[in-house]
Amino acid sequence: MTEVRPRAASASLWERDAEIAAVKRALDVLCADQSSAGNLLVFQGEAGLGKTALLAETRRIAERRGCTVWSTRGGETLRSVPFNVVRQLLQPALVSLMPEEAREYLGDWYDIAGPALGIADPGEGQADPQGVCDGLVAAVSRLAKREWPLVLLIDDAHWADQETLRWLTAFTERLHDLSVLVVVARRPGEVSGESARHLDAVAAAAGSPVACLSALTPDATAGLTRATLGPHADAPFCREVWAVTGGNPYETVELLAKVQDSELDPVETHAGELRPLNRSARGGGLVARLEGLGIDATRFAWAAAILGTGITVDLVAQLATMSVEVAQRCADLLCSARILTQPDPADARPGGGDLEFVHPLIATAVYHSIPEALCTAMHGIAAQVVTDSGRGAAVASRHLLRVHPDDDDELVEQLREAAREHLAVGAPDAARRCLERALLEPPLPEVHARVLYELGCATLLTAPATTIDHLQSALGMPGLDGDTRVDAVIRLSQALLHNDQLEEAVRTVEAEAARHEPGPARMRLQAVHFMWEGIHGETATQGCSRRLADLARTCTGRDNSERALLILRGFDAMTHGESAEEVVELCDRALVNGRLAPGLGWTDTEWGIELLMMLGSSYTYADRLDRAESLFAEALRAYTTARWSGGHLSLANAFLGLAYRRQGRLKDAETILRESLELAEGVGRRLPLHWSATCGLVDTLLARGRVEEAWTVAEQYGFAPPYPSTIVLPDTRSVRGRLLLAVGRTEEGINELEAAEKTAASRGGHNPVLAPWAVDLARVLAVTDPARAAQLATEARRQAERFGTDTAIGEALRCAAALETGQRAVRLAAQAVAYLEASPCQYEHAAARIEYGIAAHSATELNRGLSLARSCGADGLVARAEKELETASGLY
C-alpha cells in the first residue's frame, strides 16, 4: 500500500502543556503503587481541537513507562451497535487469552459478560442489563489487576453506544478500588437523554475538573506554521493561517498539508490563497476533492463510510461492487489523499479492519455526501454482506434499520432475530429499535401481533407506557393465542402497575380471566389478579379476600397456578391478622417437599418475584423465621449466581434484611439493608424496592437506638409521604410514625400512626406485628389520653390473640404493661417475657426482659436483657439497661 508522508502529528499538542502535565501526574500515581486508587481524566473540546492527538500522546507517555494501554473510539454511525465501544476496548486482551484462560479470569461473570463482549455464546432468554453491566465492570476490574499498570483510552465518547456509556458510568464510580487510569475525550453537547446523563455522571466521577480544550492562539499557530513549512513563513502569512482556521488544530494541520502539496511559498503575497485551500480540506471542499479522485475512489470511500468499522478491502469491494484489484488501487489512492489510513499497529484489534478514516470529521463528511437513496440502498447491501460474512443478524441490524420500508417479510424476520440476539446479551434498547423498525415494514397480518408482543416484552422494564400501547394493540388483533396471549395480558398488567395504573391492571387480568373456561390458564390469570390486589395494600377489600379464600379452598397445590393461589391466600390472611397457624399451613401446601416447585424458582419469569416475596413475608410475620431466612437466602444466591444485579438483587437483600431484623440480628440486618439501598439507588427512587430498602434500614436503625442516623437516612432517601400504593414491609406509616416520635415530633408522629389506623380499618383488620401502629400509638397517648390508649392496647391484644403468634401476643402484653403501674405492670411484663422467650424475635425478647427488670426492680432480669441486647446489637437497649443498673443499683 502506498506509504503516506508523515504529517505534523504533534500539531494538536501545541499549548497543551497543562493537559499533558495532568496526564503525567496521573501516571505517576498509577505506576507508583499497585494498591493506589484509580484515576479519571476527561478532556472536552469541539471537533478538531486535538482530543485524539492528546490521547495518542497519553499512549506514548504511558507505554514509555511500561503501562499496558487499551484504547477505543466511538463512531457517529455506530451508536446503535450495543457494546460496540467497550467490546473494542476489551476484545484484544480477551482474544489473546485461550478460552480456558478467559473463563478463569472472568470466573462466574464469563457467561454473563462474555456474550456482550463477543467471546461467548449467549444463553437462552433475556439477559438482565444491570447484571451484564456489572459483569463488564467485573471483567475490566479483574483484567486491570492482571495487566497493572493499565491505562484505558476512550475517544469520541459522545458517540459511544448507550450500553458502553452505562458500563463506563458504573466503572468510573468504582475507580477508588482499582489501580487503573481512564482517560475520556468527548465533544460538548452532541447527545441528549440517557447518553448525556451517563456522560455527565462520568464527568462527575473525575477527581479533577473536566479539561476544556481551546483553539490555538495566533502565536501557537505561527509556531506550528513555521515548524511545518519552514522558518521563512512570514508573519502576515501565519496570521492568515490562524484567521482562516480559527486556531482549530486539525484544520490548521490539514491546511498546512495542502500548502505543502501545492508548494505554495508561505509569504504574505500568497496568503490570499489559503481560504480556497482550506475549503478544499473540509466539508464541501473535501467532497469535491474526493470526487476529483474518480468515481471508483468515491464509491470506495462511500462504502467505507457505510461500514464505519471493520473496513477491509474485500468487504468494501463487495459493497461497492468492484473487483479486489480495483478496490486495492482505490484504497492506495485514498490513503495518499489523506482520507483513509492504516490503523496504528498499537490499536490493532481482531476484526478491526485494514483501514480507517484519518479523522472522524472526514468520515462524517464522506458519509453525509452519499446521495440519500444510494445511502439507503448501500445499507441494504451492507446488511447482506455482513450477514454473509457470518457476523450475525445483530451486527447487520444497524444497516437494516436504515433501509426504507418495503413490505419485506424476510427483513421483518431478520430484525426479529436481531432483537432476540440483542435481548440475549442484555441490550433491550437495541432490541426495541429493531422491532420498532420491523413494524414499519410492516409485518404480515398473521405476524403483526407477535412483533408487537415481542416489542412489549423488550420495553417492559424501560418504558412501561410504551409497552402498554404495544401490548394493547397486539391483544386487539389476531395472532396471539393460548399461553402467548395469557402471557401478553399478564405483561400488560405488569406495565400498567409500573405506570401507576393499578385499577386498569386489575381490570385487565380480571376481564381476560372471564374469557376463559375453568382450567390452568384461567387460574393463572385469577392468581395474578389477586396478586395485584394483594400487594396494593390500600385498595385491597374484604370482598377480594373472601373471593380469594373461596378459590383457595378448591386448591390442592397440584400445579403452579394452584400453588400461587395458596401463597396469595396465605399472604392475605397474614396481612389481615388471621390465624398464623392457617397462614403457615397454606404456605407449606404451596411447596413441594418443603422446597419451591419447578417453574416457581426465584429466576423463573412466569410468575415474577412478587409472589415469592409474599411467601417469605408470610413466614416472616407468622414467626417461621427459619423458613423465611432460608427462602430469602436462596433468592440472594440465585440472583447472585445468575448475576441479576438490579432490582431483583436489591429486593433479595431487603427481604433477607427483614428476616434478620425480625430475628434480632440487627448488625447483619443493617449491613445487608445498606447494600440493598445502594442497589435500589441504581434502579431509581420512589419505586417499591427503594421503599423496602429505606424503610427496612430506618426500622433497623431505630431498633439499634441510632435515632439521628435513622432520621438522616430518611431525609437523604426521601422516606416521607406520599407513600407508594403497594404494601411495603415493614409498614411505612408505622415506621415513619415511630421515627417522628423518636425525634420529638410527637404531633406529626401521632398523625402518621392514626393514618395507619385508618388504612387498617379500610382493609377490615391488620396484623399487629406487620403494622404495629396500635402499640406505638397507645404508648404515646398514655399520658394525654389514657382512655384511648387503654382501648388501643386492648384491641391490639385481641388482634394479637386472633393471629396467635408468641411475638404478637408478647408485644401486645408489653404495651399493656407500659400503661400500668405497680404489681399489675409487673405481672403483664412477666407474661410478655414468657411469650417472647418462646418467640424467634430476640430484639423484642431483650426489650421485654429489660422492661420487666425495671418494673420488678430485678437486677437479674436487667442483666439477662442486657446480654440479649448486646447479642442483638441493640445499642439503645444496652444503654438503657446499663443506665438503669447504674443509677438504681441500690434498689436491686
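1. Let me start with Glu 757, which is partly exposed because its relative accessible area is 24% (buried means under 20%, exposed over 50%, partly exposed in between, with a 1.4 Å probe and protein chains only). Salt bridges that share partners join Arg 661, Arg 662, Asp 699, Arg 738, Asp 776 and Glu 844 into one network (a salt bridge being a side-chain nitrogen of Lys or Arg within 4 Å of a carboxyl oxygen of Asp or Glu).

2. A word on the basis: this is a predicted model, where local features need pLDDT of at least 70 and side-chain atom pairs pLDDT 80 or more, while totals for chains, interfaces and linings use all residues. Residues are numbered from 1 along each chain as its sequence is written, and side-chain values use heavy atoms, leaving out hydrogens and water.

3. Back to Glu 757: its side chain meets that of Arg 788 in a salt bridge of 2.8 Å, N to O. Glu 757 sits in helix α37 (residues 746-763) and Arg 788 in helix α39 (residues 786-803), so the pair ties together parts 31 residues apart in sequence. Helices (H or I, at least four residues) and strands (E, at least two) are DSSP runs numbered from the N terminus. Arg 788 is partly exposed, at 22% relative accessibility.

4. The structure holds 58 salt bridges. Among them is Asp 296 with Arg 299, at 3.2 Å, N to O; both residues lie in helix α14 (residues 295-307), three residues apart, about one turn of the helix.

5. Rings of Phe, Tyr and Trp (its six-membered ring) pair if their centres lie within 6.5 Å; planes under 30 degrees apart count as stacked, over 60 as edge-to-face and the rest as tilted. Phe 632 and Phe 655 have ring centres 5.4 Å apart and planes at 50°, so this pair is tilted. Phe 632 belongs to helix α31 (residues 625-642) and Phe 655 to helix α32 (residues 647-663), 23 residues apart. Phe 632 is buried, at 0% relative accessibility, and Phe 655 is buried at 8%.

6. Trp 691 and Tyr 723 make an edge-to-face pair, because their centres are 5.6 Å apart and their planes at 70°.
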